[in-house]
Amino acid sequence: MLNNNILTVDQLKKYFIVNQGVLKAVDGVTFSVKNGEIFSIVGESGSGKSTVAYMIIGTYKPTTGKIIYREKYDISQGISKRPHKLKKEIQIVFQAPGTSLNPARNIKQILEVPIKIHNFSKTQSELNERVLELLEMVELSADYMYKYPSMLGGGEKQRVAIARALSVNPSFVLLDEPTSSLDVSVQAKIINMLIQFKKIFNLTYIFITHDLSLVRNIASRVAIMYLGKICEIAPVSEFFNNPLHPYTQILLSSIPVISHEEEALKPKRIMSMGEIPSPINLPPGCSFYSRCPKRMDICGIKDPEMLEIERGHVVRCNLYSK
Amino acid sequence: MNNPLIEIKDLHVQFRVFEGILKVLDGVNLTLKFGEKVGLVGETSCGKSTIGKAITRLLYIPPAIITRGEILFEGKDILRMSQVEFRQIRKKISIIFQDPTAALNPFFTIGTQVQDVIRFAERSGKNTGKEDIRAHAIQALKEVLIPDPERALKSYPIQLSGGMRQRVCIAMALVRMNKLVIADEPVTSLDVTIQDQILRLLKELVEKYNTSIILISHNLAIVRELTNRVYIMYAGSIVEVAKTKDFFAHPLHPYSQGLLSVIPKLTGGGIGEGIYGSVPKYINPPKGCRFHPRCKQVMPICKEKKAPLFKVSEDHEVACFLFKNGV
């Protein structure tokens with residue numbers, strides 16, 4: 001089972017009908033996640049990366065496309081049609097711990113909910129023990145049990161959110177920008193904790209973020225999203241040494257860094273132009289056409305397809321099509 | 001011209017809240033020369049925005065209390081000035097906030113808001129006509145690379161994207177060719193590619209107008225790209241002052257070293273383990289150096305006395321007893 005894909009996503013689409021037309025939040029995304037890896041999805045705001053996560057967890061039902069879990073369970077029908085035992089397998093940690101924890105419940109009550117739903121503890125004393133165990137795991141003391149989310153700092157709230165996600169022994173965890181609202185020193189602690197849990201509990205992560213420097217340090221593979229589509233998928237070391245898609249190059253050259261060694265790693269300064277267009281009623285052709293420094297005439301007409309340039313390195317750009 | 005433009009001396013700011021008194025700023029000293037670009041870096045709630053607000057008198061008093069210290073702008077103390085006097089100074093200072101959505105009034109068009117700023121400045125008397133002001137506003141929007149400024153003038157903030165709104169805020173800050181711009185986390189809420197554009201723009205315009213800038217940010221990388229000199233803050237006091245180049249080459253204070261080690265690097269190699277413990281509560285801050293409970297190199301004296309800024313070289317000062325006798 002070791003090298004199998006834990007999750008396969010095939011031509012996943014999610015359209016929303018809005019007043020002005022059709023909003024294509026996710027438009028044909030295909031990737032697979034191997035057992036035990038950290039797969040990272042990177043993109044600007046509005047690129048659809050969170051929507052992908054919500055479809056995997058089941059909040060949204062995909063418009064079309066398939067999500068296959070462990071190569072046999074089709075989970076693309078939304079949460080209501082998902083078998084109960086699969087619900088506990090896949091868990092999520094949200095971006096803003098301030099809004100994902102119920103302000104009217106104390107930490108104990110928050111942590112009890114998933115344990116009760118999935119019947120992990122039969123008696124009240126077992127339940128208490130489990131909550132204490134979880135708190136200890138995320139390095140919070142026992143007196144946090146009766147505190148309310150508003151009394152905690154950002155890092156502590158995120159620890160509770162992580163404890164809640166891990167309370168039902170999942171094997172697959174979606175991390176939706178878990179540290180983007182935290183300071184770097186707190187971020188380091190949370191990330192180290194997550195990496196440690198991955199080893200102990202044998203987890204697989206999808207790590208959604210906009211911070212490429214963070215991805216460089218923790219992920220094994222990375223997918224870059226732009227306007228609901230994936231531009232490039234590559235193993236991390238390959239990706240940072242040889243970025244192929246023009247958008248990826250812009251993204252890499254825009255990262256502010258703190259040392260000369262890092263400066264040398266960035267692709268030559270490419271000026272970024274324009275902004276991410278509205279995903280409503282997109283014109284035909286490549287979605288990056290309006291901002292691309294290397295655009296050709298064909299890009300305005302033909303939407304490029306995913307091409308495998310090297311083993312595991314996939315790019316969607318007309319520059320590389322034959 | 002060698003006099004500093006702004007000089008903050010021993011500033012103490014406290015906030016009165018239900019639980020007691022938050023002792024936030026604890027003796028901050030800061031100087032800014034004409035045309036200098038200074039970065040003010042620290043983690044959340046270290047008091048960096050409080051400094052920015054104190055300079056522009058945007059602190060609400062109460063709950064804020066300025067217990068000690070002075071802020072000299074061109075030699076005059078801002079804190080002990082009358083409202084009328086301050087209004088003349090305020091024309092020379094502008095501020096860019098973190099969240100452009102909250103900084104712009106949703107009920108007025110961009111045009112109204114930009115033109116109001118120009119009217120308030122009343123520069124040199126020649127730009128007082130309605131048409132002149134409008135032309136000036138269009139010019140300002142052009143400078144921040146807003147496509148079709150005529151249309152932007154007629155639109156409401158909600159009709160623009162986040163990046164465009166921040167451009168408008170920058171235009172409003174720079175349209176008066178001020179002496180000082182305080183940029184309080186100007187790009188934190190934006191995406192990296194937009195961040196890059198806005199920073200480049202800010203840098204160009206600041207150099208063009210020879211404006212001094214105080215860049216307040218928690219992102220060291222941004223500060224490195226834009227400033228000449230950097231102040232590192234921790235829990236309400238300045239812990240290190242240095243030329244930006246020197247600081248990134250040789251950070252001295254244990255906190256600065258810890259901070260730099262936890263930033264994820266593009267070169268890979270994993271993430272540092274973080275700084276032990278957490279930021280102190282302002283209600284009852286630790287005695288002596290506020291960093292001592294988290295410091296690995298703590299000495300007995302740190303628990304008793306707060307370290308002043310020791311000079312280790314011409315432009316490098318650090319508030320730590322480890323450097324009492326230089327490096």
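Chain B has a radius of gyration of 21 Å, which agrees with the value near 20 Å that a compact globule of 327 residues would have. Keep in mind that this is a predicted model. Along its principal axes, the C-alpha trace of chain B spans about 70 × 50 × 45 Å. Buried residues account for 46% of the 327 residues in chain B. If you take the contacts in chain B between residues at least 6 apart in sequence, 63% of them join residues at least 24 apart. As for secondary structure, chain B comes to 11 helices and 12 strands.

Now for a helix pair inside chain B. The axes of α7(B), residues 162–174, and α8(B) come within 11 Å and cross at roughly 10°. Because angles under 35 degrees count as roughly parallel, α7(B) is roughly parallel to α8(B). On the α7(B) side, the contact uses B:Gly163, B:Gln166, B:Arg167, B:Ile170 and B:Leu174. From α8(B) come B:Ile194, B:Ile198, B:Leu201, B:Leu202, B:Leu205 and B:Tyr209.

Then there's the contact between the chains, which takes 35 residues from chain B and 28 residues from chain A. On the chain B side, the elements giving two or more residues are α8 (192–209), α9 (220–226) and α11 (254–262). Of these, α8(B) gives the most, with 6 residues.

Here are both contacts by residue class:

| Contact | Nonpolar | Polar | Charged |
|---|---|---|---|
| α7(B) with α8(B) | 8 residues | 2 residues | 1 residue |

How values were computed
Residues are numbered from 1 along each chain as its sequence is written. Chains are lettered from A and ligands numbered from 1 in the order in which they are written. This is a predicted model: local features need pLDDT of at least 70, side-chain atom pairs count only at pLDDT 80 or more; totals for chains, interfaces and linings use all residues. Two residues are in contact if their C-beta atoms, placed from the backbone, lie within 7 Å. Helices (H or I, at least four residues) and strands (E, at least two) are DSSP runs, numbered from the N terminus. The radius of gyration is taken over C-alpha atoms; the globule rule is 2.2 Å times the number of residues to the power 0.38. A residue is buried if 20 or more other C-beta atoms lie within 10 Å of its own, exposed if 12 or fewer, and partly exposed in between; C-beta atoms are placed from the backbone. Axes are lines fitted to C-alpha atoms, for helices over the stretch in contact, and angles run from 0 to 180 degrees between N-to-C directions. Angles under 35 degrees count as roughly parallel, over 145 as roughly antiparallel, 65 to 115 as roughly perpendicular and the rest as oblique. Ala, Val, Leu, Ile, Met, Phe, Trp, Tyr, Cys and Pro count as nonpolar, Asp, Glu, Lys and Arg as charged, and the others, Gly among them, as polar.
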